[in-house]
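Notebook open, model loaded. I want to jot down what I look up, one spot at a time.

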Amino acid sequence: MILKEAIEQLRNGLAGIAEPQEVQAMIRVICEDVFNYDPVDVALRQESELPDFAPERIADIIARLRRHEPLQYIVGSARFHGHRFKVTPAVLIPRPETEQLVDLIIDENEGSDLRVLDMGTGSGCIAISLARALKFAQVDALDVSRDALEVARKNAADLKVKVRFFESDMLSPQPAARYDIIVSNPPYVCWSEREAMDRNVKDYEPGQALFVPDNDPLLFYKAIVPYAAQSLERGGKLYLEINQRFGNEVKRLMQDNGLDEVRIIEDSYGKVRFTAAISV
């Protein structure tokens, strides 16, 4: 099988399950992550022979995509903040909106040797990206899932950054330490919102990292915010990704815990997505 034939098989096999532009993006990822052909290679090497495993691998990918399995789990990786992160069904797939959270933190914190904590690290994408971008940052990260921490540690090793990982529940977080920055993208989707979600999310990504009870939508924020209020140094900053429905409630929670300069921040699509505050 040559590359041109593989691309045609993918295009035909994926027709009808996504818009043509999305199918083309899937093909680009498959060519790069499975066959190591970047977009320039794809343009110039259409007649190149693929490995013997190619026909079977392509058929398997098509079948799994047609069952709505996320492509990132199929190829085993996802792009985030300019780097490739290993992902498995034990961790959420990193989102572009969360890249904006990382950029916000980088843009607002130009100091050196900052102590950072990422609560609910999952794949480690936030912690590792901050460890790479901030000057000599000392980064800790926690998660309740051992399987998630295994993925995060592998990503840190692959990207050659030092992050200290801890097995700890965000509802009773450890370690007890002092930080300049605390960040979290905790579970915040209400169970009643589940049915409106795409099947590739609700059927495959880890529910414990996504969903909260309808009667307690701020479950994790009610643990994270008081912990941050006690653990941040004076002038330290808390950054949270949030459910757009509860921006004002999270803001009030921050204020009630003594945090100052509380902001509700929109993402690039104009949706309420983040809150930030300062410890006084």
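This is a predicted model: local features need pLDDT of at least 70, side-chain atom pairs count only at pLDDT 80 or more; totals for chains, interfaces and linings use all residues.

Started with Phe165, and the first thing I checked was its accessibility: at 12% relative accessibility, Phe165 counts as buried (buried means under 20% relative accessible area, exposed over 50%, partly exposed in between, with a 1.4 Å probe and protein chains only). Phe165 is found in strand 5; helices (H or I, at least four residues) and strands (E, at least two) are DSSP runs, numbered from the N terminus. I then listed what Phe165 touches, leaving aside neighbours within four places in sequence: Thr121, Ala141, Leu149, Ala152, Arg153 and Ala156 (contact means heavy atoms within 4.5 Å). I also looked up Asp118, which is 47 residues from Phe165 in sequence and 9.4 Å from it in space, C-alpha to C-alpha.

Residues are numbered from 1 along each chain as its sequence is written, and side-chain values use heavy atoms, with hydrogens and water left out.

I find 7 strands in an open sheet, in the order 5-4-3-6-9-11-10, with mixed pairing (two strands pair if DSSP finds at least two bridges between them). Strand 5 (163–167) and strand 10 (260–266) are the edge strands, each pairing on one side only. From one strand to the next the twist averages 15°; axes are lines fitted to C-alpha atoms, for helices over the stretch in contact, and angles run from 0 to 180 degrees between N-to-C directions.

I zoomed in on strand 3 (residues 115–119) and strand 4 (residues 138–143), which pair in the parallel sense over 5 bridges. Arg115 has Gln138 as its bridge partner in strand 4. Helix 8 (residues 146–158) packs on the sheet and touches strand 4 and strand 5, its direction making about 175° with that of strand 5.

Then the salt bridges: I get 23 of them in the structure (a side-chain nitrogen of Lys or Arg within 4 Å of a carboxyl oxygen of Asp or Glu). Arg115 turns up again here, bridging to Glu233 with the closest N and O atoms 3.2 Å apart. Arg115 lies in strand 3 and Glu233 in strand 9, so the pair ties together parts that are 118 residues apart in sequence. Arg115 is partly exposed at 28%, and Glu233 is partly exposed at 23%.

Glu167 is partly exposed at 46%, while Arg146 is exposed at 61%.

Glu97 is found in helix 6, and beyond its neighbours within four places in sequence it contacts Asp267, Tyr269, Arg273 and Phe274.

Last entry: the axes of helix 6 and helix 7 (residues 125–133) come within 10 Å and cross at roughly 35°. On the helix 6 side the contact includes Leu101 and Ile105, and on the helix 7 side Ile126 and Leu130 are among the residues involved.
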